[in-house]
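Please look over the following model before reading on.

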Amino acid sequence: MFIFRRAAELQAFLQRRRTHGRSLGFVPTMGALHAGHLSLVERAQAENELTVASVFVNPTQFNEAEDLRTYPRTPGKDCELLAQVGCGLVFLPTVEEVYPKGGHLSPKLVFDGLDTRLEGEHRPGHFDGVAQVVTRLLELVQPDRLYLGQKDAQQVAILRSTIKQIESPVEIVAVPTVRDHDGLALSSRNARLSAEARREAPAIYEALKRTSAGLKDGLDAASLLAQAKAYINAFASLKVEYLELVDAEQMKPIQTYRAEQAAILVTAVWAEDVRLIDNLEL
């Protein structure tokens with residue numbers, strides 16, 4: 001495994017190996033890796049001759065200093081897991097490497113409200129940080145394909161818009177959510193769940209499945225969403241922050257579901273003091 005902490009060294013390495021049209025896949029992560037991250041790496045490896053995975057806890061996308069401080073950092077274990085799936089190129093930059101003093105600023109992007117709905121409403125400025133770091137990492141790595149997890153559906157939509165605005169040729173590949181045996185979406189935050197919260201958290205996915213089935217049967221969306229929120233809130237450790245039916249591109253609320261729509265159920269739920277997000281495409 002080759003581990004790079006400086007972009008110049010990674011770029012020099014890739015330049016020597018990206019001959020004869022060899023494609024490069026890129027998987028940006030914030031570490032604390034789990035099977036969901038590894039599924040992105042495996043997909044990238046299946047579709048490209050070269051794959052780079054990065055581990056970088058991006059400070060600009062955190063709304064609260066405490067959340068940034070307590071975010072799990074396990075670079076040694078992360079590299080071990082990446083090695084297990086055959087990922088030979090890992091980028092572990094410092095904050096100074098990604099955001100050098102005196103470096104050029106990222107272009108100002110406009111998301112027409114996509115960045116202020118749902119996650120954006122509850123985490124103001126979050127998506128600005130996401131777009132900033134991914135734009136910067138794309139500059140440093142220069143991949144052909146960018147692999148993202150569908151669990152962060154709004155983030156995928158934001159980054160599709162980002163790629164279009166910066167006129168990048170990179171192709172975005174959204175990989176389906178990986179779930180535990182009981183349906184809970186895999187997340188680095190799951191390790192912080194108490195025993196009770198972990199036991200009850202699968203109710204989130206169960207609510208999404210029930211709502212999806214009802215919508216496909218033609219039942220009223222507002223009633224189904226209210227029932228889903230009540231179902232989740234009935235668990236002692238869970239409290240719904242939002243649960244909505246939205247279009248998959250702009251994340252705008254949908255009042256009446258139609259089968260021909262690209263629609264998605266999205267939710268954020270507090271499991272005691274841990275915030276979990278999930279979604280289900282219809």
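**Sheet and buried residues**

Arg 145 stands opposite Glu 171, a residue of β6. This pairing is read from a predicted model, in which β5 (residues 145–149) and β6 run in the parallel sense and pair over 5 bridges.

**The open sheet**

- Six strands, in the order β1-β4-β3-β2-β5-β6, form an open sheet with parallel pairing.
- Because β1 (2–4) and β6 (171–175) stand at the edges and each has a single partner strand, one side of each is left without a neighbour in the sheet.
- On average, and with direction ignored, neighbouring strands of this sheet are turned by 25° against each other.
- Helix α2 (residues 35–47) lies across β2 (24–29), β3 (50–55), β5 and β6, and runs at about 155° to β5.

**Asp 278**

- Asp 278 belongs to strand β9 (residues 274–281), and with a relative accessible area of 6% this residue is buried.
- The side chain of Asp 278 is joined to that of Arg 179 by a polar contact of 2.8 Å.
- Leaving aside residues up to four places away in sequence, Asp 278 touches several others, among them Arg 179, Ala 185, Tyr 205 and Leu 265.

**Ile 254**

- Ile 254 is placed in the loop between β7 (238–247) and β8 (263–271), yet Ile 254 is buried, with a relative accessible area of 10%.
- Residues touched by Ile 254, not counting those up to four places away in sequence, are Leu 245, Val 246, Asp 247, Gln 261 and Ala 263.
- A separation of 44 Å lies between the C-alpha atoms of Ile 254 and Gly 102, which are 152 residues apart along the chain.

Key: Residues numbered from 1 in each chain as written. Predicted model: local features only at pLDDT ≥ 70, side-chain atom pairs only at ≥ 80, totals over all residues. Heavy atoms only, no water. Helix = DSSP H or I, 4+ residues; strand = E, 2+ residues; numbered from the N terminus. Buried < 20%, exposed > 50% of the residue type's maximum accessible area, 1.4 Å probe, protein only. Contact = heavy atoms within 4.5 Å. Polar contact = N/O pair within 3.5 Å; in protein donor to acceptor, adjacent residues only side chain to side chain. Pairing = 2+ DSSP bridges. Axes fitted to C-alpha atoms, helices over the stretch in contact; angles between N-to-C directions.
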